Amino acid sequence: MTVQPSGAFEALLQEERRYPPPEEFKAQAIVRDPAVYEEAARDLEGFWARQAEQLDWFRRWERVLEWDPPWAKWFVGGQLNASYNCVDRHTQTWRRNKAALIWEGEPGDERVLTYQDVYRAVNRVALALKRSGVQKGDTVAIYLPMIPELPITMLACARIGAPHTVIFAGFSPDAIRDRINDCQAKVVITADAGYRRGHLIPLKDNIDAAVKDTPSVQQVVVFPRVGSDVRRVHMQPGRDVWWGDWLDAVQERECPPEPLDAEHPLYILYTSGTTGKPKGVLHTTAGYLLGTSLTHRWIFDLKDEDVYWCTADIGWVTGHSYVVYGPMANGATQVIFEGTPDYPDKDRWWRIIEKYRVTILYTAPTAIRGFMRWGVEYPRRCDLSSLRVLGTVGEPINPEAWVWYHEHIGGGRCPVVDTWWQTETGMILISPLPGLTTLKPGSATLPFPGVEPDIVDEQGQPVPVDRGGYLILRRPWPAMMRTIWGDPDRYVQQYWSRFPGNYFTGDGARRDSDGYYWLLGRVDDVLNVAGHRIGTMEVESALVSHPAVAEAAVIGISHELKGQAVAAFVTPRGGMAANEALAQELREHVAQKIGAIARPDRIFFTAELPKTRSAKIMRRLLRDIAEGRVLGDTTTLTDPTVLAEIKKQYEEQEG
Ligand code: WTA
């Protein structure tokens, strides 16, 4: 592992633009007093305990934190229910008739659900789950498009204490199968199909293929998103049931929320790591709910009048924390959109903002770079004056994209909160507080109150100001992952062994003389393609499962829009023609094995791969070749001459 200073990194050191909070914004902001940082630093547990009063508890906790590194328990002895906090409690106030979800489907259909509507739906689904035999502690897999039934089903699971695992609708049958088998889901909730850029994603077909090899699955519930006029699906008698029939079978209306221990598992979300097997990140109830709701309120300066829109798919952690649990615990009104930014035209998002008077927009740098490329005429067509806070997440944002976003979307008046966090951290950990923090484009700025990051070298020693190093976290935080589902050793090994007692993020970063953090990207074998995490090993194992491939090494290469793109160096089996037809076949093969997000942009054929004497592929050297850098240390290679040959072949194919 190395933190490689790139050209972009040097440029960041030069970034001098500053954006203090506008006076009007400051005057009305939820957090105006910098004393919150002091307070949390001085008394971490006291700080979180005071904030925890914002949640509704069935039983108060006895201890705020039990910290036996790396094992954390927050709010020990407390009991609560996440669905109660996200739904029921709002129905006992004026928020009962407040819009919770303002949904727009890709074809333009609309639904608005109040908190009372969500309450009724969550109760029905919870009852139906129980009727299907789901009990407290059982896992439920959810494979749905971005429709209201997705958050509703998640909350219904939370209501009965059944951890959910949401599988992003872009994943293929193999990826679904592995996830279901890992967590032994009993019931799967899916839809007949989903819309994407005017095409259909065959969700039910994918589930049919996946559940052939998932013995734990007893029932598949199918929501008719597109309807049988558009697409007919196969329903297997005894196993498959339509959503409507499933709900009609329940007689009762109310399903009392289960009082759950603070540490009861809330969900498992699979994310890519440094091996071929995705990790089931486990989040539990109280700390997660507290961490996501507080960060959501403070970082986005959320008020009851706001119309909040996070564009992330709920299949990723951003959707879990900042569409479902954080915003709904806060009683927010939010937009949920099923489609993509450019369908039917490249102004779709701006039309949505204008139509619903969106005030807070949270999206990814890759989307912003796409909009920059399409040009300002699209946002200019629409009235974006309702916006007051802008957020980004998922990857480092280059200062140019930041400034463009600030100017052309935010009209120069909206603070931009660049929020750093991970599936594992559950909640945002490094971010501005928009009423307090002077912003620097390209920097996620400062740790959230109570969070203590540091930047260290290989030996775990803090690095000097402005030098790149490994980003670690020194203190626990309430929404932290608790373990890897079914693999506690891997949890210890992956996150807590490299710098004992500290959490290792896998990211490189530097800190400037103002204490601001500048994220430099992953330093491990995890790629970040358009804000989506992909493990190089996952793509490699997909590639080598193709009969024409002998060996494969996958790296990330810089990509103007996506930040990184997947590039694969492939050694074909003897006698296989290494041509464009094979490259195309391999791209499709990966898409089928994992999902379209993992499809390699570039495939280079080489006769050999650079290996150490212990047969480890040196991806670092392949990155050097692909980025046109001077080759790094090659002394550990079995045969350093291989490299010159690979470089030659690469340059030929690169044209
Ligand atoms: C990257 C997404 C720079 C980082 C919430 C991290 C970021 C990985 C930022 C986690 C940011 C996320 N600036 N890099 N603001 N936010 N990242 O698990 O490399 O999908 O480790 O969680 O995304 O990706 P994940």
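1. Pro 396 and the ligand. A polar backbone atom of Pro 396 sits 3.4 Å from a nitrogen atom of the ligand. That is a polar contact (a pair of N or O atoms within 3.5 Å; within protein, one must be able to donate a hydrogen and the other to accept it, and residues adjacent in sequence count only if both atoms are side-chain atoms). Glu 395 also reaches a ligand nitrogen, through a backbone N or O atom at 3.3 Å. Asp 507 uses its side chain: a polar atom there lies 2.7 Å from a ligand oxygen. The protein buries 96% of the 520 Å² that the ligand exposes when taken alone; areas come from the Shrake-Rupley method with a 1.4 Å probe, and for residues only the protein chains shown count as cover.

2. Basis. This is a predicted model, in which local features need pLDDT of at least 70 and side-chain atom pairs count only at pLDDT 80 or more, while totals for chains, interfaces and linings use all residues. Residues are numbered from 1 along each chain as its sequence is written, and side-chain values use heavy atoms, with hydrogens and water left out.

3. The shell. There are 17 residues around the ligand, and Asp 418, Thr 419, Thr 423, Asp 507 and Arg 533 come nearest. A residue counts as near if one of its heavy atoms lies within 4 Å. The shell divides into 6 nonpolar, 6 polar and 5 charged residues. Here Ala, Val, Leu, Ile, Met, Phe, Trp, Tyr, Cys and Pro are nonpolar, Asp, Glu, Lys and Arg are charged, and the others, Gly among them, are polar.

4. Glu 395 again. Its side chain forms a salt bridge with Arg 369 (2.9 Å, N to O). The term means a side-chain nitrogen of Lys or Arg within 4 Å of a carboxyl oxygen of Asp or Glu. By this rule the count is 61. Both Glu 395 and Arg 369 are buried (under 20% relative accessible area; exposed is over 50%, partly exposed in between; 1.4 Å probe, protein chains only).

5. Asp 514 and Lys 440. Their side chains meet in a salt bridge at 2.7 Å, N to O. The two residues lie in separate loops, so the pair ties together parts 74 residues apart in sequence. Lys 440 is buried at 2%, whereas Asp 514 is partly exposed at 48%.

6. Glu 551 and Lys 611. This salt bridge is also 2.7 Å, N to O. Glu 551 is partly exposed at 26%. Lys 611 is partly exposed at 22%.

Definitions and conventions
Helix = DSSP H or I, 4+ residues; strand = E, 2+ residues; numbered from the N terminus.
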